[in-house]
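Subject: Structure handover

Hi,

Here is the structure for you to open. My notes follow below it.

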Amino acid sequence: MVTIPRLVIAAPASGSGKTTVATGLMAAFAERGLAVSPHKVGPDYIDPGYHSLATGRAGRNLDAYMCGPELVAPLFAHGARGCDLAIVEGVMGLYDGASGEGELASTAHVAKLLQAPVVLVVDASSQSRSVAALVHGFASWDPEVRISGVILNKVGSDRHEMLLREALDESGVPVMGVLRRAEQVATPSRHLGLVPVAERRGDAVAAVAAMGAQVRSGCDLDALMALARSAPRTPAASGAWEPVEAVRQSGAARDADGEGGPGGPRRGRPVVAVAGGPAFTFSYAEHSELLAAAGADVVTFDPLRDEALPEGTRGLVIGGGFPEVYAPELSANEPLRKAVAGLAAAGAPLAAECAGLLYLSRSLDGLPMCGVLDADGRMSKRLTLGYREAVALTDSPLAAVGTRLRGHEFHRTVLEPGAGASPAWGMHLPERRVEGFVQQGVHASYLHTHWASAPGVARRFVDRSAV
């Protein structure tokens with residue numbers, strides 16, 4: 001085990017400024033020449049893009065619901081290997097977790113699993129002395145959560161700052177930063193949250209720089225670094241997560257269960273194409289790492305610009321994103337749509353989540369898509385959001401019948417019909433229903449999954465791509 005200096009940036013509620021502070025701290029410490037490892041609690045795909053921009057490293061998620069509490073520390077250690085500092089941005093309010101599951105997957109839960117000190121970001125814009133009661137309540141709610149500092153956000157004036165500091169003097173929790181209201185660090189939002197970095201890279205670079213400058217001028221970086229160094233040894237009893245070892249163990253477990261191989265000899269390292277670019281920004285870094293560990297050559301392509309799949313493609317992964325925003329451009333790229341449809345018709349394995357599901361459909365908001373699935377997508381006013389428990393109902397390139405996974409849904413679109421003749425998943429939360437499509441080599445669903453929780457998914461997919 002090693003000691004990784006680390007901080008968890010939390011807040012009493014969403015909208016308090018966690019992303020501004022966490023990203024700003026990452027940028028400020030990176031400017032000091034430190035190797036900073038960025039992490040995000042929960043299933044969020046967008047904030048890690050800003051974290052990556054601030055640090056130059058892959059933003060990684062720590063999700064105790066989808067991956068299980070036992071993988072949080074190993075995945076953290078994997079991402080933070082060789083770094084001088086790790087910063088973990090929380091999700092929602094500090095103690096908000098999976099619905100009906102107590103503390104599970106909350107920022108507090110992850111902080112305890114990492115034994116990391118917590119810095120609470122408080123929106124002080126509409127309070128003065130009451131801030132002490134708020135901080136005291138959060139600090140005393142769970143004695144195992146170590147709230148070690150406060151950063152006051154949206155402070156209006158010098159007098160306002162003085163009143164806040166006086167109130168907090170007796171709380172026992174030191175003020176480690178004061179940030180004034182600053183419009184230049186605002187980042188635009190739309191129906192699913194912040195606009196991803198890939199869609200506004202120039203503006204995003206400027207926004208991250210502004211966050212770093214604001215945090216650098218308003219926070220005591222030396223005190224925050226000392227706090228990070230006060231964390232004990234990283235609590236990963238089995239060490240850092242390793243994709244090669246995870247795939248190896250999944251194969252051993254499969255052989256022990258008598259599943260056997262995919263039914264044919266391998267033909268070297270298959271090319272697995274992974275959709276990227278502005279329309280498909282939702283993916284976990286561990287997915288590509290697991291595909292490579294399972295024996296694939298992973299090649300990223302952009303469906304907005306590339307008119308052909310990467311040369312030699314034998315498997316295709318299309319994750320989440322915003323196809324509804326780019327439907328005209330995706331539809332206009334007819335050569336690529338035909339190439340994807342041809343790959344599916346040939347029986348190659350295709351794994352599609354959410355945005356990928358819509359891209360494979362017949363149409364999206366009336367515009368032609370790939371036509372692989374006999375279904376049509378459209379925008380909806382209703383947000384579908386939440387964790388899910390799922391069981392595989394149909395044998396597919398991703399999972400054998402009966403495989404159980406936990407996942408997450410996050411979309412404002414509707415697909416009609418929502419399931420094919422051979423559904424992908426049976427859902428158990430929040431209600432029982434069937435969802436998704438399995439046909440030939442295609443597995444398409446709204447469900448986002450984290451393959452680190454089931455590395456056999458990657459192994460199975462690559463095996464199917466190689467026969």
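V119 stands opposite G149 in β6. The strands behind that pair are β5 (residues 118–123) and β6, which run parallel and share 6 bridges. Strands here are DSSP E runs of at least two residues, helices are H or I runs of at least four, and both are numbered from the N terminus. Two strands count as paired if DSSP finds at least two bridges between them.

Before you go further: this is a predicted model, where local features need pLDDT of at least 70 and side-chain atom pairs count only at pLDDT 80 or more, while totals for chains, interfaces and linings use all residues. Residues are numbered from 1 along each chain as its sequence is written, and side-chain values use heavy atoms, with hydrogens and water left out.

The whole sheet is open, has 7 strands and is parallel, in the order β3-β2-β4-β1-β5-β6-β7. β3 (60–62) and β7 are at the edges with a single partner strand each, so one side of each has no neighbour in the sheet. From one strand to the next, the twist averages 25°. Angles run from 0 to 180 degrees between N-to-C directions, with axes fitted to C-alpha atoms, for helices over the stretch in contact.

**Helices on that sheet**

Helix α1 (residues 18–31) has 14 residues, which should span 20 Å at 1.5 Å a residue; its end C-alpha atoms are 20 Å apart, which agrees. The expected span is 1.5 Å times one less than the number of residues. α1 lies across β1 (6–10), β2 (36–41), β4 (85–89), β5, β6 and β7, at about 165° to β4. Contact means heavy atoms within 4.5 Å.

How many residues of α1 are buried? The count is 12 of 14, so the helix is mostly covered. Buried means under 20% relative accessible area, exposed over 50%, and partly exposed in between (1.4 Å probe, protein chains only). Among the buried residues are K18, L25, M26 and F29. Just after α1, G33 takes a positive phi of about 90°.

Helix α5 (residues 130–141) lies across β5 and β6, at about 145° to β5.

**A buried lysine**

K112 is in helix α4 (residues 107–114). K112 counts as buried because its relative accessibility is 19%. Its side chain makes a polar contact with the side chain of D142, at 2.8 Å. A polar contact is a pair of N or O atoms within 3.5 Å; within protein, one must be able to donate a hydrogen and the other to accept it, and residues adjacent in sequence count only if both atoms are side-chain atoms. Beyond four places in sequence, K112 is in contact with E103, D142, E144 and V145.

Within it, β10 (residues 271–275) and β12 (residues 313–318) run parallel, joined by 4 bridges. A273 has L316 of β12 as its bridge partner.

Best wishes
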